[in-house]
Each structure stands twice: as C-alpha cells, then as structure tokens.
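Please examine the sequence and the structure shown here before reading on.

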Number of protein chains: 2
Amino acid sequence: MALAFVTSNKHKFEEAAEIAKRHGVDIVHRAVPYAEIQADTLEEIVIHGAQEVSASAGGPCFVEDAGLFIDALKGFPGPYSKFVFLTIGNAGVLKLLEGEKNRKAEFRSAVGYCEPGGKPVVFSAKCVGKISAEPQGKGGFGFDPIFLSDGGEGKTFAEMTTELKNKFSHRGKAVEAVVKWYKEEKSLKSGKK
Amino acid sequence: MALAFVTSNKHKFEEAAEIAKRHGVDIVHRAVPYAEIQADTLEEIVIHGAQEVSASAGGPCFVEDAGLFIDALKGFPGPYSKFVFLTIGNAGVLKLLEGEKNRKAEFRSAVGYCEPGGKPVVFSAKCVGKISAEPQGKGGFGFDPIFLSDGGEGKTFAEMTTELKNKFSHRGKAVEAVVKWYKEEKSLKSGKK
C-alpha cells in the first residue's frame with residue numbers, strides 16, 4: 001500500500017511528490033475532504049485530520065497544514081491564515097504592523113501521519129523570517145509577497161524561484177521529515193521479517 | 001429526556017436557561033468538549049458540532065456559535081472571532097478600519113440542534129450595527145466595547161445592562177428560536193399519541 005498525501009491542493013501534492021522521489025519513496029495523491037478543526041496549534045489540526053482520513057484511506061496517509069505566525073500580533077493569523085488572507089489580505093496584515101518595530105514572523109508547517117487504527121505521528125517545521133514593509137514580488141501565493149526568510153538575501157518568498165523557496169520552505173522540511181521517517185520505519189519492519 | 005445545551009461557557013448556559021424558562025422549557029447544561037471545524041459559516045460549524053455531540057448525549061441537544069462579521073473586511077473576523085479577539089483584539093480591528101467610512105457590522109449566532117441518530121436542524125439570528133470609532137464601556141466581553149447595535153441609541157454592547165443587551169442579542173434570538181421550535185415539536189408529537 002503506497003503512502004498517500006491527502007490534500008485538495010494539487011500544487012502541494014506535486015511539491016511533496018518531488019521531495020518524496022528524492023528519497024526513493026512513492027506517494028499517491030488523495031483528494032478526499034476531511035474536517036479541519038479550530039485549534040491553537042497546527043499540530044492539533046493535523047492530528048485530528050490524520051485520524052479522520054486514515055479511517056477511510058485503507059493504508060498509511062498524511063495531511064499537512066501551514067500558517068504564518070507573527071510575533072507582535074501574538075501568533076496571528078496562525079492556524080487561520082487562509083481565511084485572514086482571503087479577507088483582510090496582505091494589506092490588512094501590513095496595516096496591523098504599521099509603526100511596529102518587531103516584524104519577526106514564522107511560517108510553520110505540521111504534517112500528521114496515521115495508519116488505519118493507528119496512533120498519529122506529527123512532524124513540525126518552520127521557516128523564520130520577518131514581514132516586509134510592503135509587498136514584493138508576484139510569485140507564490142498567500143502571504144508569500146510580504147515574507148522575508150532569514151538568509152533569503154532580502155527576497156520575499158514571492159520573489160524566489162521555486163527551487164530556492166523550497167530550500168527554505170517550512171512545508172518542504174515537514175514533508176521531508178515524514179518521508180524520511182516512513183522510509184526508515186518501513187525498512188525496520190522489513191528487516192524484522 | 002431534557003433538552004441539553006452543550007457548551008463550555010457557563011455564562012452562555014445561564015443566559016439560555018433564562019430564555020428557555022420564559023417559554024416553559026427546561027434545559028440542562030452539558031460541558032462535554034466537541035470539535036469546532038474551520039468553515040466559512042457558523043451554520044456549518046454548528047451542524048458538525050451538533051451531530052458530534054448528539055452521538056454521545058443520549059438525548060436532544062444543541063450547540064451554539066457566534067461571531068462578528070465586518071462588512072468592509074469581507075466578513076472578518078467571522079467564525080474566528082475568538083482567536084482574533086485574543087490576538088489582535090479590539091485595537092487591531094479598529095486599526096484595520098482606520099480611514100474606512102463603511103463601518104457596518106453584524107453579530108451573528110447559529111444554533112445546531114440534533115437528536116441521537118437524527119438530522120441536525122439549524123437556527124440563525126443576527127444583530128445589525130456598526131463598529132464604533134473607539135472602545136466604549138466596560139461590560140460584556142470580546143468585541144462588545146466596539147459594537148454599536150442599530151437602535152441601541154449610541155451605546156455599545158459593553159455599555160448596556162444585560163437586560164437591554166439581551167433585547168438585541170443575536171444569541172438570545174437564536175436560542176429563543178430553538179427553544180420555541182422544540183416546544184412546538186414536542187407538543188405536536190405528544191398530540192399524535
């Protein structure tokens with residue numbers, strides 16, 4: 001049974017498949033909908049999601065969630081980044097930070113893995129940076145145009161090539177963590193036979 | 001089997017019990033936790049919640065959710081009002097509206113009712129008003145100090161007595177709707193016997 005990435009976002013799946021391939025792991029795309037709960041942390045959201053989808057997946061699977069956590073705004077927009085992007089957008093976030101010196105922010109990603117009847121396993125990763133003074137760049141999506149990754153030489157995520165962005169990407173790191181762990185687990189299990 | 005209001009908020013229960021009593025309906029308080037999903041509407045959240053709690057409640061029950069929907073901010077903070085209040089707060093919302101002439105806003109409430117194995121029934125209510133220029137009053141909670149109800153004579157929810165606030169309250173109206181419906185349903189069923 002192949003490892004399934006359950007997501008409605010085809011682009012996310014393609015990114016992940018690329019990473020998995022590098023580690024010699026095949027993943028398949030499943031777009032079954034599942035409930036994302038309201039919670040303070042991404043980890044709680046993916047634990048709940050992974051348990052829900054594993055019941056119907058018939059094999060090992062994982063879900064992923066990500067968000068932008070801004071220091072001066074107590075972690076806002078955090079787990080509700082998509083909704084906040086679709087309502088107040090980049091302009092709203094920049095307005096909230098007007099006159100604010102502390103522009104520290106993190107993009108965080110959490111992956112929840114579960115097998116049918118099993119206990120969920122969680123992988124977390126982040127990309128530390130800050131919020132730019134104004135939007136820069138046309139690439140990426142969501143808050144990418146206002147996020148400057150540490151070490152990114154003043155480029156926002158929206159100004160980077162996909163290859164460069166993936167070097168910093170919170171999601172890339174979390175997906176890599178689950179894939180590497182899965183490969184290790186599988187080889188341990190087959191070693192025991 | 002008494003009608004149960006499932007909420008972790010004792011204050012919400014007391015308000016509801018008062019309303020139910022006026023209609024000759026007894027309600028009981030149950031504080032079992034349940035998952036609130038992420039959704040664009042309060043109605044989706046309470047449908048999911050009511051179905052989840054009814055499975056363990058052993059009898060008829062309802063859950064409630066509320067939020068502040070600001071016109072110029074495309075419905076922000078909406079279903080995520082609690083998180084937004086705890087992060088950017090009233091000050092953040094006022095900052096987002098700086099220079100904005102359209103200050104229309106609504107407090108909305110949705111109640112989801114369900115019986116074990118039954119289909120959920122939803123009741124919605126709202127209170128139309130606008131966002132004040134600055135916080136006024138010390139009463140209430142959440143966004144009450146910046147919400148001016150239409151017909152409220154320039155008082156925010158935080159400046160009203162509980163009695164007056166309940167006259168306008170979105171939650172009061174939604175709870176009253178479920179209680180009246182429940183009473184009607186019960187009398188129809190007993191009439192059929």
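## Nonpolar core

The largest nonpolar core has 112 residues, where such a core is a set of buried Ala, Val, Leu, Ile, Met, Phe, Trp, Tyr and Cys residues joined through C-beta atoms within 7 Å. A residue is buried if 20 or more other C-beta atoms lie within 10 Å of its own, exposed if 12 or fewer, and partly exposed in between, with C-beta atoms placed from the backbone. The residues with the most contacts inside this core are V46(A), V111(A), F147(A), V46(B), V111(B) and F147(B). Not counting residues up to four places away in sequence, V46(B) touches V63(B), E64(B), D65(B), A110(B), V111(B), G112(B) and V122(B); a contact requires C-beta atoms, placed from the backbone, within 7 Å.

This is a predicted model, in which local features need pLDDT of at least 70 and side-chain atom pairs count only at pLDDT 80 or more, while totals for chains, interfaces and linings use all residues. Residues are numbered from 1 along each chain as its sequence is written, and chains are lettered from A and ligands numbered from 1 in the order in which they are written.

The contact takes 16 residues from chain A and 16 residues from chain B. On the side of chain A that touches chain B, helix 3 (81-87) and helix 4 (89-96) of chain A each supply at least two residues. Helices (H or I, at least four residues) and strands (E, at least two) are DSSP runs, numbered from the N terminus. Helix 4 of chain A gives the largest share of that side, 3 residues. The side of chain A divides into 8 nonpolar, 5 polar and 3 charged residues; Ala, Val, Leu, Ile, Met, Phe, Trp, Tyr, Cys and Pro count as nonpolar, Asp, Glu, Lys and Arg as charged, and the others, Gly among them, as polar.

## Helix 1 of chain A

In helix 1 of chain A, the buried residues are F13(A), A16(A), I19(A) and A20(A). Seen down the axis of helix 1 of chain A, these buried residues fall within an arc of 125°, so they line one face of the helix; the arc is that of the directions from the helix axis to the C-beta atoms. The face turned away from the buried side carries the exposed residues K10(A), H11(A), E14(A), K21(A) and R22(A). Just after helix 1 of chain A, G24(A) takes a positive phi of about 70°.

## Backbone geometry

Most residues other than glycine have a negative phi, and most peptide bonds are trans. In chain A, a cis peptide bond joins F76(A) and P77(A), with omega about -5°, and P77(A) lies in strand 4 (residues 77-78) of chain A. The peptide bond from F76(B) to P77(B) is likewise cis, with omega near -5°.

K74(A), a residue other than glycine, has a positive phi near 55°. K74(A) lies in the loop between strand 3 (61-70) and strand 4 of chain A and is partly exposed, with 14 other C-beta atoms within 10 Å.

Notes:
Two residues are in contact if their C-beta atoms, placed from the backbone, lie within 7 Å.
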